[in-house]
Amino acid sequence: MRRREFIKGIAGPAMMWPLVGRAQQADGKAHVGVLGPSPDNELARIGYEAFTAELQKLGFSQGKNLQLDYRRTDQGMDLAVAAARELVAAKTSVIVAVGPEISLRAALAPNSGLPIVILAFNYDPIARGYVESLAHPGGNITGLFTRQPELAVKQLQLLVEAFPEKNQLGILWDDQTTEQFDSAEQEAQKNRLAMKSIKLISPPYDFEKAFRTAKENGVQILLVLSSPLFAPHNKEIADLAMRYQVPAMFTFKTYVEAGGLMSYGVDTEPLFRRGAAFVAKILRGGKAFDLPVEQASNFELTVNLKTAKAAGFTLPTSILLRANEVIE
């Protein structure tokens with residue numbers, strides 16, 4: 001699918017389900033608003049495509065019985081809140097808050113009481129008090145999330161397993177990945193690694209400078225955390241890791257497909273498809289507080305063996321055997 005075609009929306013044959021409750025609008029369509037990174041972001045685009053396709057399978061087809069509107073939240077809080085208010089004013093039935101916490105904060109700002117489905121990355125909605133528990137959300141928010149701090153620990157463990165002889169660790173992070181950084185730092189201390197914090201401040205980020213700093217500080221292995229402000233630059237970051245000859249671990253497979261060495265994280269497409277199921281239930285009359293919040297569990301390890309060979313990195317058999325996908 002071409003990006004332009006996707007952004008315009010998917011329209012195709014689907015069984016027409018009756019819409020109930022607040023989901024039924026004057027135009028006969030269910031109005032769903034998505035707050036998240038721009039569809040120009042490759043990682044977001046892949047997820048949005050899966051989300052839209054799954055809604056169609058579930059009987060909600062864009063342009064027929066569904067009006068699906070996307071609004072960006074990656075240009076700062078003020079614009080994100082303005083986007084949320086636009087969706088509320090357009091009589092949106094459900095808001096989907098995708099990605100970092102700013103998307104959920106923006107969705108809550110109009111105080112509309114609309115049901116919100118989260119596809120949360122980089123924050124824990126339970127720890128931060130947005131929902132009461134997995135089984136009992138307790139309000140108008142439900143959906144799915146990943147515990148990224150725990151994920152950062154596992155990523156570091158895999159990176160150390162892959163390169164046990166290297167003990168100079170660099171961590172590339174920003175304000176949106178603070179909890180991940182804290183967990184990774186603690187794990188680094190447990191493993192007695194010398195650690196260099198490489199924090200990026202004030203976007204647009206200078207990734208070239210960040211890698212140059214890492215090299216000057218003797219960094220031998222690099223953990224790149226899952227900031228949504230990093231994802232649109234996955235090819236640039238992967239290329240820099242290769243140029244500076246530093247083995248890097250990423251969260252998302254898109255980095256590895258772009259030439260990065262390794263990634264360990266959630267397969268985002270099933271997450272977005274599952275999010276579509278939450279939306280479909282609400283459009284048919286379900287209540288957010290009746291739908292338990294789910295924690296993503298579909299983790300995958302991806303290795304780019306072509307990159308490893310080109311860079312002269314030797315990966316142990318234990319890593320290759322555990323990989324869900326090896327790119328050769």
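Predicted model: local features only at pLDDT ≥ 70, side-chain atom pairs only at ≥ 80, totals over all residues.
A residue counts as buried when its relative accessible area is under 20%. By that cut-off, 6 of the 6 residues of strand β3 (residues 94–99) are buried, so this strand is mostly covered.

- β3 belongs to an open sheet of 6 strands, which pair in parallel and follow the order β2-β1-β3-β4-β5-β11.
- At the edges of this sheet are β2 (66–72) and β11 (294–295), each of which pairs on one side only.
- In a regular strand, side chains alternate between the two faces of the sheet.

**The neighbours of β3**
- Strand β1 (residues 30–36) runs parallel to β3, and 4 bridges connect them; V32 has V94 in β3 as its bridge partner.
- Strand β4 (residues 116–120) is also parallel to β3, joined by 5 bridges, and here V96 is partnered with V117 in β4.

- β11 pairs with strand β5 (residues 141–145) in the parallel sense, over 2 bridges.
- Across this pairing, F145 is found opposite Q295 of β11.

**Aromatic rings**
- The model holds 12 aromatic pairs.
- One of them is the stacked pair of W173 and F181, with 4.0 Å from centre to centre and 10° between the planes.
- W173 and F181 are both buried.
- Look also for Y48, Y70 and F272, which ring pairs link into a cluster.

Conventions. Residues numbered from 1 in each chain as written. Heavy atoms only, no water. Pairing = 2+ DSSP bridges. Phe/Tyr/Trp six-rings, centres within 6.5 Å; stacked < 30°, edge-to-face > 60°. Buried < 20%, exposed > 50% of the residue type's maximum accessible area, 1.4 Å probe, protein only.
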